[in-house]
Amino acid sequence: MAGRCSSSASTGSPADTVRYYTPSAQPSAVTGGTYTLCIDLRWPVTSEIGALGEHRLPAGTYAYTGSAFGTGGFSRVDRHYDLAAGKNETRHWHIDYLLGHDAATVAGDVRTPDADVECAVADQLPPSPVPGFGASDCDCSTHLAYDEDGDRLREAVASAHRRAKAGE
(Lines give C-alpha, C1' and ligand atoms only; values in the text may rest on other atoms or scores of the structure.)
Protein backbone atom coordinates (compact mmCIF):
# COMPACT_ATOMS: atom_id res chain seq x y z
CA MET A 1 0.00 0.00 0.00
CA ALA A 2 2.80 2.40 -0.87
CA GLY A 3 2.00 6.09 -0.77
CA ARG A 4 -1.04 5.68 1.47
CA CYS A 5 -1.56 5.66 5.20
CA SER A 6 -0.31 2.23 6.18
CA SER A 7 -1.97 0.00 8.73
CA SER A 8 -0.73 0.41 12.28
CA ALA A 9 2.67 1.76 11.29
CA SER A 10 4.13 4.08 13.90
CA THR A 11 6.75 6.77 13.73
CA GLY A 12 8.85 8.61 16.28
CA SER A 13 9.80 7.60 19.80
CA PRO A 14 7.23 5.73 21.93
CA ALA A 15 6.19 9.02 23.59
CA ASP A 16 5.59 10.64 20.19
CA THR A 17 3.96 7.67 18.47
CA VAL A 18 1.50 8.51 15.73
CA ARG A 19 -0.66 5.67 14.47
CA TYR A 20 -1.87 5.27 10.90
CA TYR A 21 -5.01 3.29 10.16
CA THR A 22 -6.70 2.04 7.03
CA PRO A 23 -10.40 1.23 6.72
CA SER A 24 -9.72 -2.48 7.25
CA ALA A 25 -7.45 -1.95 10.27
CA GLN A 26 -9.46 0.37 12.46
CA PRO A 27 -9.25 -0.36 16.18
CA SER A 28 -12.54 -1.23 17.81
CA ALA A 29 -11.86 0.67 21.03
CA VAL A 30 -14.25 3.50 21.79
CA THR A 31 -11.43 5.84 22.84
CA GLY A 32 -11.81 9.38 21.59
CA GLY A 33 -9.36 12.07 20.64
CA THR A 34 -8.22 13.94 17.55
CA TYR A 35 -8.09 12.42 14.08
CA THR A 36 -7.10 13.44 10.58
CA LEU A 37 -8.62 11.65 7.59
CA CYS A 38 -6.41 11.15 4.51
CA ILE A 39 -8.69 11.62 1.50
CA ASP A 40 -7.76 11.07 -2.12
CA LEU A 41 -9.85 13.02 -4.63
CA ARG A 42 -9.35 11.23 -7.95
CA TRP A 43 -10.69 13.99 -10.19
CA PRO A 44 -11.66 17.66 -9.71
CA VAL A 45 -15.18 18.27 -8.45
CA THR A 46 -17.50 21.17 -7.85
CA SER A 47 -19.58 20.59 -4.76
CA GLU A 48 -22.11 22.39 -2.62
CA ILE A 49 -20.61 22.31 0.90
CA GLY A 50 -23.48 23.13 3.23
CA ALA A 51 -23.63 26.78 4.27
CA LEU A 52 -20.18 27.38 2.71
CA GLY A 53 -21.78 27.20 -0.73
CA GLU A 54 -20.40 25.81 -3.98
CA HIS A 55 -16.65 25.23 -4.25
CA ARG A 56 -14.32 23.79 -6.87
CA LEU A 57 -11.96 21.19 -5.41
CA PRO A 58 -8.94 20.15 -7.47
CA ALA A 59 -7.87 16.51 -7.66
CA GLY A 60 -5.24 15.55 -5.13
CA THR A 61 -4.99 14.66 -1.47
CA TYR A 62 -6.93 16.28 1.34
CA ALA A 63 -6.53 16.00 5.09
CA TYR A 64 -9.52 16.74 7.32
CA THR A 65 -8.84 17.18 11.03
CA GLY A 66 -11.62 16.64 13.56
CA SER A 67 -12.25 15.54 17.10
CA ALA A 68 -14.21 12.65 18.56
CA PHE A 69 -14.85 13.13 22.27
CA GLY A 70 -18.52 12.19 22.53
CA THR A 71 -19.84 8.93 23.92
CA GLY A 72 -18.98 7.09 20.69
CA GLY A 73 -15.35 8.23 20.60
CA PHE A 74 -13.63 7.28 17.37
CA SER A 75 -16.84 5.65 16.07
CA ARG A 76 -17.32 9.06 14.41
CA VAL A 77 -14.40 8.09 12.16
CA ASP A 78 -16.23 4.84 11.29
CA ARG A 79 -19.18 7.00 10.17
CA HIS A 80 -16.84 8.93 7.83
CA TYR A 81 -15.60 5.67 6.29
CA ASP A 82 -19.19 4.46 5.85
CA LEU A 83 -20.24 7.68 4.16
CA ALA A 84 -17.28 7.52 1.74
CA ALA A 85 -18.15 3.89 0.95
CA GLY A 86 -21.75 4.85 0.13
CA LYS A 87 -23.21 3.08 3.19
CA ASN A 88 -24.59 6.32 4.61
CA GLU A 89 -26.14 9.27 2.79
CA THR A 90 -26.80 11.67 5.70
CA ARG A 91 -24.85 14.94 5.56
CA HIS A 92 -24.28 16.67 8.93
CA TRP A 93 -20.82 18.23 8.67
CA HIS A 94 -18.75 19.93 5.98
CA ILE A 95 -16.61 16.81 5.51
CA ASP A 96 -19.73 14.80 4.62
CA TYR A 97 -20.11 16.78 1.39
CA LEU A 98 -16.61 15.83 0.27
CA LEU A 99 -16.74 12.20 1.45
CA GLY A 100 -20.10 11.64 -0.24
CA HIS A 101 -18.67 12.41 -3.67
CA ASP A 102 -17.83 9.51 -6.03
CA ALA A 103 -14.33 10.93 -6.62
CA ALA A 104 -13.41 10.77 -2.90
CA THR A 105 -11.73 7.81 -1.22
CA VAL A 106 -10.63 7.67 2.41
CA ALA A 107 -7.13 6.21 2.27
CA GLY A 108 -6.71 6.06 6.04
CA ASP A 109 -6.45 8.22 9.12
CA VAL A 110 -4.05 9.41 11.79
CA ARG A 111 -5.22 9.51 15.42
CA THR A 112 -3.99 11.07 18.62
CA PRO A 113 -6.07 9.34 21.31
CA ASP A 114 -7.20 11.17 24.45
CA ALA A 115 -5.82 14.53 23.27
CA ASP A 116 -7.73 17.61 22.16
CA VAL A 117 -5.23 18.89 19.58
CA GLU A 118 -7.65 19.43 16.67
CA CYS A 119 -6.91 23.13 16.13
CA ALA A 120 -3.17 22.72 16.82
CA VAL A 121 -2.95 20.03 14.11
CA ALA A 122 -5.13 21.89 11.59
CA ASP A 123 -3.10 25.07 12.07
CA GLN A 124 0.13 23.31 11.02
CA LEU A 125 -1.19 21.93 7.73
CA PRO A 126 -1.26 23.51 4.24
CA PRO A 127 -4.18 25.76 3.31
CA SER A 128 -7.47 24.57 1.86
CA PRO A 129 -9.31 25.69 -1.26
CA VAL A 130 -12.35 26.11 1.06
CA PRO A 131 -11.91 28.72 3.82
CA GLY A 132 -13.87 27.91 6.96
CA PHE A 133 -14.21 24.19 6.12
CA GLY A 134 -14.81 22.25 9.35
CA ALA A 135 -14.01 25.31 11.46
CA SER A 136 -17.43 26.74 12.23
CA ASP A 137 -17.00 26.16 15.97
CA CYS A 138 -13.50 27.65 16.38
CA ASP A 139 -11.29 30.52 15.21
CA CYS A 140 -9.24 28.45 12.74
CA SER A 141 -9.19 29.44 9.08
CA THR A 142 -9.95 25.82 8.06
CA HIS A 143 -9.67 22.19 9.16
CA LEU A 144 -9.21 20.93 5.61
CA ALA A 145 -5.71 20.83 4.09
CA TYR A 146 -4.82 20.21 0.45
CA ASP A 147 -1.72 19.17 -1.46
CA GLU A 148 -1.29 17.69 -4.93
CA ASP A 149 1.44 15.49 -3.44
CA GLY A 150 -0.24 12.92 -1.18
CA ASP A 151 2.98 11.64 0.36
CA ARG A 152 4.03 15.15 1.34
CA LEU A 153 0.63 15.87 2.92
CA ARG A 154 0.56 12.57 4.82
CA GLU A 155 4.00 13.32 6.27
CA ALA A 156 2.82 16.81 7.25
CA VAL A 157 -0.20 15.26 9.00
CA ALA A 158 1.97 12.81 10.97
CA SER A 159 4.38 15.60 11.94
CA ALA A 160 1.53 17.89 12.99
CA HIS A 161 0.06 15.20 15.25
CA ARG A 162 3.47 14.50 16.83
CA ARG A 163 4.17 18.19 17.44
CA ALA A 164 0.68 18.90 18.77
CA LYS A 165 0.87 15.97 21.17
CA ALA A 166 4.26 17.18 22.37
CA GLY A 167 2.79 20.65 22.94
CA GLU A 168 4.84 22.38 20.27
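Reply: Helices (H or I, at least four residues) and strands (E, at least two) are DSSP runs, numbered from the N terminus. This is a predicted model, in which local features need pLDDT of at least 70, side-chain atom pairs count only at pLDDT 80 or more, and totals for chains, interfaces and linings use all residues. Residues are numbered from 1 along each chain as its sequence is written, and side-chain values use heavy atoms, with hydrogens and water left out.

Me: Where is Ser128 found?
Reply: Ser128 is in the loop between α3 and β8 (144–147).

Me: Is Ser128 buried or exposed?
Reply: Ser128 counts as buried because its relative accessibility is 16%; buried means under 20% relative accessible area, exposed over 50%, and partly exposed in between (1.4 Å probe, protein chains only).

Me: What does the side chain of Ser128 reach?
Reply: It reaches the backbone nitrogen of Val130 at 2.8 Å. A polar atom of the Ser128 side chain also lies 3.4 Å from the backbone oxygen of Leu144. A polar contact is a pair of N or O atoms within 3.5 Å; within protein, one must be able to donate a hydrogen and the other to accept it, and residues adjacent in sequence count only if both atoms are side-chain atoms.

Me: And which residues does Ser128 touch?
Reply: Leaving aside residues up to four places away in sequence, Ser128 touches Thr142, Leu144 and Ala145, where contact means heavy atoms within 4.5 Å.

Me: A change of topic: what is the phi of Asp114?
Reply: Asp114 has a positive phi of about 55°, although it is not a glycine. Most residues other than glycine have a negative phi. Asp114 lies in the loop between β7 (104–113) and α3 (118–123), and it is exposed, with a relative accessible area of 63%.

Me: What is the overall pattern of the protein chain?
Reply: Along the sequence it reads β-β-β-β-β-β-α-α-β-α-β-α, with four helices and eight strands. Of its 168 residues, 48% count as buried.

Me: How much of the contacts comes from residues 24 or more positions apart?
Reply: Such residues account for 68% of the contacts in the protein chain with a separation of 6 or more.
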